[in-house]
Amino acid sequence: MTRFRAEHLTGVVRPWQAVAVWMVAEHVTELIVLRADRLPAGTWNRLIGLCRHTGTRLMLVCHTRQTPDPLDAVLTGICHRVLTDLPEPLALHDPADLTRVIEESQPGRRDTDELPALPAAGVAHFRAEAYRQLDPAAFARDDAAYQHGQQTADDWLISPAPEEVWNGTEHVQRFLTALVHDSPTRAHTLARLRGAQTAFLAHGLLLGLPPARDLMDVLSGPGLNALPVSPDVLQRIRTGVAHPMVAAGVVTALFSGISPQVMSYTVLADQPPDLAALRLVWRAPATKTAPNLVAQTAPTVSTWAVFHVPVAARPLLHAAADFAMRQQPTDARQRLIEPPAATKKRIQAAAAHCQIALPSAPPTLEAAWQIRVTCTQIDAPTIRPAASYPAGQSPMSRFLGQPRTPVSTRHAPAKKPTANDQAHDRWHGRRPLTADTAASVLHLIHAHLGDIAPHGQHGRPAGHSWPLIRRQLAHYPRDQDGNPTTLEPHPDVLYALGLTDHPAQNLRERTYARHEDQ
């Protein structure tokens with residue numbers, strides 16, 4: 001009760017609305033009110049109306065031999081029972097109903113062991129470089145997280161496409177943030193994401209992610225600066241926060257790693273019905289900002305940022321959504337977390353009251369790593385047999401179809417260079433894995449480029465990326481006499497795809513062979 005005024009939950013109607021949404025969100029089935037004889041008749045009427053709305057069974061316990069006449073009059077015309085002995089109310093319940101068990105979905109693999117310093121290589125060389133640089137025990141820990149990401153992505157890509165259709169990368173963002181939301185460290189997140197990239201590559205999809213150094217040191221979001229939503233934290237929020245929107249703001253700051261200031265733009269109409277994911281719009285700034293490591297890699301056009309919502313946190317978001325709809329049910333722009341009730345100051349104060357430390361986060365979505373995710377289809381045969389996909393559904397089917405209404409760009413400049421225009425300016429010498437190079441590697445694996453002599457390399461259709469294929473993703477092994485043989489995929493690529501048991505250990509050093517693909 002002491003939190004009502006602090007959380008702007010004043011008046012008569014709004015507190016009762018908050019109670020109603022909490023009961024629905026938490027699936028409360030029984031409400032027992034002690035010393036009910038001390039309550040006024042108006043409160044009895046509100047309790048009865050509350051339980052009718054929520055479908056909850058109400059038990060009013062009067063510490064008198066009979067119900068006071070003013071209160072008894074409230075029950076006129078209402079189906080009820082008067083119980084005079086304690087065993088009787090207990091007999092009304094099935095013992096199995098006394099304990100409600102909420103089944104959580106199985107969480108991701110919880111690797112708690114610290115990982116060593118991981119290589120900054122991209123998907124083509126990450127696993128092989130880890131194998132070469134780490135001792136066996138350290139590599140085993142790293143590869144466990146890598147394999148978890150690879151297997152989870154593989155299972156997701158061969159599963160039926162979801163019914164709802166979002167913009168291209170939104171389903172990918174939702175999957176990736178779910179994959180890493182319970183990562184104990186940034187290193188685990190990097191390993192899981194590299195494994196997922198490998199699975200996408202095997203399915204003929206090129207998944208682009210921020211560079212390793214950005215994921216480890218610069219960016220924010222799930223798996224980076226976000227914090228786990230533990231049962232203890234949820235219990236503190238439930239017992240210490242009264243306002244549904246404020247409670248949703250606290251738990252969202254934890255699992256998303258974003259500032260409460262950003263949450264005020266979360267519009268209910270933009271959210272999926274099940275609230276298993278959270279969609280926030282990122283609008284590119286209309287004016288130039290001071291150059292920094294974050295701004296240099298942020299998208300230059302408006303896009304969506306999608307956050308996976310942990311199962312344990314969803315009741316709090318459902319309560320906030322229900323409460324928001326009760327305030328202005330006809331407002332199409334109703335916000336999930338709306339000022340002045342749920343401001344940054346009030347959310348931070350509520351977290352402090354619950355003794356919960358919120359993650360340090362920038363005031364915008366500019367540093368969210370998932371807004372930098374790209375996914376393109378590779379025109380090449382996939383490693384995964386097509387027969388393993390659901391009928392009529394290729395992996396790309398989950399990204400195609402009628403998109404949602406695109407994000408408004410009225411606040412963005414009329415024209416800006418694309419995000420890749422200056423990609424090479426930041427990391428001089430970086431040679432990203434492109435759709436052309438990945439396609440050529442997959443063709444090589446399928447023997448489409450078999451028996452191509454070295455002197456015929458200039459005639460291949462890979463265009464400008466052919467030198468990259470030859471130097472980075474493929475090579476000409478030499479025979480016993482030192483003569484180059486037919487073109488083959490690079491051993492690191494084969495090892496990343498799980499087609500070999502171990503990578504080559506003694507690779508000849510090549511000048512300018514650094515490969516920092518994403």
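Helices here are DSSP runs of H or I with at least four residues, and strands are runs of E with at least two, numbered from the N terminus. With that in place, Ser 259 is in the loop between helix H12 (244-256) and helix H13 (260-263).

Before I go on, the ground rules. This is a predicted model, in which local features need pLDDT of at least 70 and side-chain atom pairs count only at pLDDT 80 or more, while totals for chains, interfaces and linings use all residues. Residues are numbered from 1 along each chain as its sequence is written, and side-chain values use heavy atoms, with hydrogens and water left out.

Is Ser 259 buried or exposed? Ser 259 counts as buried because its relative accessibility is 4%; buried means under 20% relative accessible area, exposed over 50%, and partly exposed in between, with a 1.4 Å probe and protein chains only. Leaving aside residues up to four places away in sequence, Ser 259 touches Lys 344, Ala 361, Pro 362 and Pro 363, where contact means heavy atoms within 4.5 Å.

Next, aromatics. Rings of Phe, Tyr and Trp (its six-membered ring) pair if their centres lie within 6.5 Å; planes under 30 degrees apart are stacked, over 60 edge-to-face, and the rest tilted. Searching the whole structure gives 6 such pairs. One of them is Trp 156 with Phe 200, whose centres are 6.2 Å apart with planes at 25 degrees, so this pair is stacked. It links distant parts of the chain, 44 residues apart: Trp 156 belongs to helix H7 (residues 136-157) and Phe 200 to helix H9 (residues 186-202). Trp 156 is buried at 17% relative accessible area, and Phe 200 is buried at 0%.

Phe 200 also pairs with Phe 175, tilted, at 6.5 Å centre to centre and 35 degrees between planes. Here the partners are 25 residues apart, with Phe 175 in helix H8 (residues 170-180). Phe 175 is buried too, at 8%.

Elsewhere, Tyr 131, Phe 139 and Tyr 495 make up one aromatic cluster. What lies over the face of Tyr 495? That is Arg 127, at 4.1 Å from the ring centre. The criterion is NZ of Lys or CZ of Arg within 6 Å of the ring centre and within 35 degrees of the ring normal. Arg 279 has its charged end over the ring of Trp 304, 4.0 Å from the centre.

Last, cysteines. How many disulfides does the structure hold? The count is 0, taking a disulfide as a pair of cysteine sulfur atoms within 2.5 Å. Cys 51 is buried at 6% relative accessibility, whereas Cys 79 is exposed at 81%.
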